[in-house]
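Where does this protein pack its nonpolar side chains, and where does it leave space? The paragraphs below go through the pockets, the cavities and the nonpolar cores in turn.

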Amino acid sequence: MSTWNGLIDSGYRRWLPVTPGTPSVSLNEGNTPLLRSAHLSALTGCEVWLKVEGANPTGSFKDRGMTVAISRAAQAGAELAVCASTGNTSASAAAYAARAGLTAAVLVPRGRVALAKLGQAVRYGARVVEIDGTFDDCLRVARELADHHPIALVNSVGNELRLAGQRTVAYEIVDALGDAPDIHCLPVGNGGNITATWGGYRVYQQEGLSTRSPRMWGFQAAGAAPLVHGAPVAEPETAASAIRIGSPATWDGALDARDRSGGLIAAVTDAQIFEAYELVARRDGVFAEPASAAGIAGLLDQHARGNLPPGQRIVITLSGNGLKDQDASLRGGYTATETSAATSDVAHALGLAA
Ligand code: AN7
């Protein structure tokens, strides 16, 4: 039996910026499920696959880049790893830093991070700095700190290692499907993941491991859609807090992925995002956080607009785990039947014959 030991040791070392001397700081990230969605396939007349990145060790795709960034930081002898985050990057940085014996400091916009993500950073032992401002303010501060202090900046902007790690999602998809899909859908916040995923497809095609690369379809929340408008958004707003970003750091990379792939970056409303969030849980049994559902919302929106030819093979990145955002999951309340502890009462409540 072969066991999976994470991206560096089991999977994709030869494609990653590590040397034989780089320690593998890993939580066995990667190798996430690729599930066919019968429901979305039927709805669109296409073959739709879900890449379930919430199955990563800290519950998001960020672990792919963080294993590389923290492994290299450990090799370089760094003591303090710093990142700005809407939540998932901070959880991931905190976990990998803990594993490497480093200290993580995470800069988050106060009051705007899903509580479970904050809880992760706290439990992994990170120093949490809550900044009075947006994510974009946090990132500016993180970059300025890195300019003046001996820290390892583990945001993808200061750290190409993160994007190199995140490319592995494309390698896994091609390895599983035998070739690249026609279209790859995903949420876009800072623009790092669309850039990295596209980059991964390009590497595989250039190396002759796939015959083509997909069109990249990225989706931003309508209230935080700077790449769609072509200008930063000063006060980004969406209930999908992971992608509440007004000034994407990897702006050019995201547009490059869009244009070179013949793809698009479009906006979806919060209503569309939450509809997709509920749909994929109810119909596919996959619980993804709201931001993650933007890729599904966008696909369905493009389909409704007549922009989706039938018969396409499509992969959608579900970037984070639904457990991370309880405000979202219990939003609008829920229905439950209250009964006594008598079996007959429970049977009655369930409509089972006496
Ligand atoms: C679930 O954690 O930016 O376009 O600081 O958590 O590469 O930014 C998170 C982003 C999509 C957007 N889905 O990816 C952070 C952070 C989820 C996310 C994105 C994020 P990028």
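In this predicted model, the largest pocket is lined by 14 residues, and those nearest its centre are Arg167, Thr195, Trp198, Gly199 and Asp256. The largest share, seven residues, comes from α9. By class, the lining divides into five nonpolar, four polar and five charged residues. The volume of this pocket is about 240 Å³.

The second largest pocket has a volume of about 180 Å³. It is lined by 13 residues, with Ala114, Ala239, Ser241, Asp325 and Asp327 closest to its centre. Its lining has six nonpolar, two polar and five charged residues.

Next come the cavities, from which the probe cannot get out. There are two of 30 Å³ or more. The largest cavity holds about 360 Å³ of space. Of the 30 residues that line it, Phe61, Lys62, Gly189, Asn190 and Ala242 are the closest to its centre. The elements α4 (88–100), α7, β7 and α9 each supply at least two residues of this lining. In the lining of the largest cavity, twelve residues are nonpolar, 15 polar and three charged.

The second largest cavity has a volume of about 60 Å³. Its lining consists of Thr86, Pro109, Arg112, Thr134, Phe135, Pro236, Ser241 and Arg244. These divide into three nonpolar, three polar and two charged residues. Ser241 is also among the residues closest to the centre of the second largest pocket.

The remaining topic is the packing of nonpolar residues. In soluble globular proteins, nonpolar side chains tend to be buried together. Here the largest nonpolar core has 35 residues, and Leu50, Ile314 and Ile316 touch the most other members. At least two residues of this core come from each of β2 (47–52), β7 (183–187), β8 (215–221), β9 (264–268), α12 (270–284), α13 (294–304) and β10 (313–318). Helix α12 supplies the largest share, six residues.

What does Ile316 touch, leaving aside residues up to four places away in sequence? Its contacts are Leu40, Val48, Trp49, Leu50, Lys51, Cys185, Gly295, Ile296 and Leu299. A second, separate core has 32 residues, including Ala170, Ile173, Leu177 and Tyr201.

Terms used
Residues are numbered from 1 along each chain as its sequence is written. This is a predicted model: local features need pLDDT of at least 70, side-chain atom pairs count only at pLDDT 80 or more; totals for chains, interfaces and linings use all residues. Side-chain values use heavy atoms; hydrogens and water are left out. A nonpolar core is a set of buried Ala, Val, Leu, Ile, Met, Phe, Trp, Tyr and Cys residues joined through side-chain atoms within 4.5 Å. Buried means under 20% relative accessible area, exposed over 50%, partly exposed in between (1.4 Å probe, protein chains only). Helices (H or I, at least four residues) and strands (E, at least two) are DSSP runs, numbered from the N terminus. Contact means heavy atoms within 4.5 Å. On a 1 Å grid over the protein atoms alone, a cavity is a set of points where a 1.4 Å probe fits but cannot get out, and a pocket is an open set with protein on both sides within 12 Å along at least five of seven lines; lining residues have an atom within 4 Å of a point. Grid points are joined across faces, edges and corners, and a volume is the space filled by probe spheres set on the points. Ala, Val, Leu, Ile, Met, Phe, Trp, Tyr, Cys and Pro count as nonpolar, Asp, Glu, Lys and Arg as charged, and the others, Gly among them, as polar.
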